[in-house]
Amino acid sequence: MFESAEIGHAVDKKTYKREEPLLREALLAAQYALLRQARTAVVVLVNGTPGAGKGETVNLFNEWMDPRHIRTEAFGAAGSDGRPDMWRFWQVLPPKGHIGILFGSWYVDPLTDAVTGLDTRDRFAHRLERIRQFERMLVAEGVVLVKLWFHLSKKAAKARFKRLESDPKTAWRVTTSEWDHLKHHDAWVLASEEALRRTGTGEAPWRVIEGADPAYRALTAGQLLLDALNTSLRAPPPVAPAAHPAAPPSPVLDEGSLLATQDYRRHIGRKRYDDQLEVLQGRLNGLSRRLAEQHRSLVLVFEGMDAAGKGSTIRRITQALDARHYRVVPVAAPNENERAQPYLWRFWRYIPHHGHVTVFDRSWYGRVLVERVEGYCSEADWMRAYGEINAFEEQLVEAGAVVVKFWLAITPEEQLRRFDERKNTAHKQYKITEDDWRNRAKWPLYAQAVGNMIDRSSTQVAPWHLVASDDKLWSRVEVLRTLCERLEAALG
């Protein structure tokens, strides 16, 4: 794959002097057009062999364009705070209209672990496939990916290191790590070729640039970035989904009756409830303290029809937790900043580290529930979301999180009773809105969306737990009992 990067490309000084200001002017103009349109974000991945000019190219990009609208991030080896490997990259994605340059991106750790033998071939392939899925999601969300691989042969890299070391002004640029990396050059190239083959796709292709000649390298990288910017500017604006979504697909596996099959007659008396609540909260408190000891975290997801009792159930859980170690994230419609990012971005930010708990009061499942039913996204968007959500939750579990998901189910009759109670009780009126009544009118559509959701996202590592909640007391106890059992199974 790298043969094409070894043909000795070079640009003479006269040509560079003529072309560089033209390219620089065009890049700056395209950057400002991108900022004005604010329809897409551009992410530039800068990877390659040591000594191939990656750092110099990143500096040039910031020199040629307005660095105020560029987010440049450099990454070393990943830490081990309990968050997924991709978490640190999720945090730095640029908003629409901006450019992000990732110097050492999500490819570095898999490549390094493959070369040093920390990963098996199967694990390496698994990580590359996860990267493919992630990049596919970014592109589907409107991100323009520019993947640049700078290559330098082992012989050329060695010569360059010696030349830099011979000059006191540049000797600092060659460290022990560069020479150590050179010892693994051949293995690095083999692993890199596999990575580029597996992750070079039509929507996110790799561009291999020979790094021996600085002038050629600079003009080539700059032109590739300019081409990507212009392509994004010429792309038609996204088509807004229809105001009334198309009819959802036909139900499968009796999913339409899934909520109807729950036993809503379950009941518990106040005295028994109080006794069990105290016992279960004590049990949960002890389990939560073991999370830090075992380098684990807890992610709780609560979904359900309006007035199903999510808030009151969450309060019974947090009463048992140390306030220093948990966070409740109430999820509403995305704000302007959140709409400028991929839809999972606003949830990526709240992933807990070891020993901590995050409770999501509604969650990323809004994409396949409210956004689907209300027509806020296209059918293609919510259909692909099932796989993206499953991949996201798998990464959480692999990083040590215990993911527990609850759907609190109530009957339409009980929901109406609670709506009327809220409407007629002064201190509860803030809980009922016009949106709640409108959503109620679409109960059959939501019921079918829930069936699809359970069917397609209840996985072995993150299964759904459906809890009949017409009786709030019974529901709270059942949620606490289930949560404790899940934690005990995970923590041993």
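Visitor: Which helices each supply at least two residues of the lining of the second largest cavity?

Guide: α6 (154-165) and α7 (176-183) each do so, a helix being a DSSP run of H or I with at least four residues, numbered from the N terminus. α7 gives the largest share, three residues. This is a predicted model, in which local features need pLDDT of at least 70, side-chain atom pairs count only at pLDDT 80 or more, and totals for chains, interfaces and linings use all residues. Residues are numbered from 1 along each chain as its sequence is written, and side-chain values use heavy atoms, leaving out hydrogens and water.

Visitor: Why is this space called a cavity?

Guide: On a 1 Å grid over the protein atoms alone, a cavity is a set of points where a 1.4 Å probe fits but cannot get out. By this rule there are two cavities of 30 Å³ or more.

Visitor: What makes T49, P50, A157, F161, E178, H181, L182 and H185 lining residues?

Guide: Lining residues have an atom within 4 Å of a point, and these residues line the second largest cavity. By class, four are nonpolar, three polar and one charged. Ala, Val, Leu, Ile, Met, Phe, Trp, Tyr, Cys and Pro count as nonpolar, Asp, Glu, Lys and Arg as charged, and the others as polar.

Visitor: How many residues of each class line the largest cavity?

Guide: Six are nonpolar, three polar and three charged; among the lining residues are R39, K96 and E141.

Definitions and conventions
1 Å grid on protein atoms, 1.4 Å probe; cavity = no way out; pocket = protein on both sides within 12 Å on 5 of 7 lines; lining within 4 Å. Points joined across faces, edges and corners; volume = space filled by probe spheres on them.
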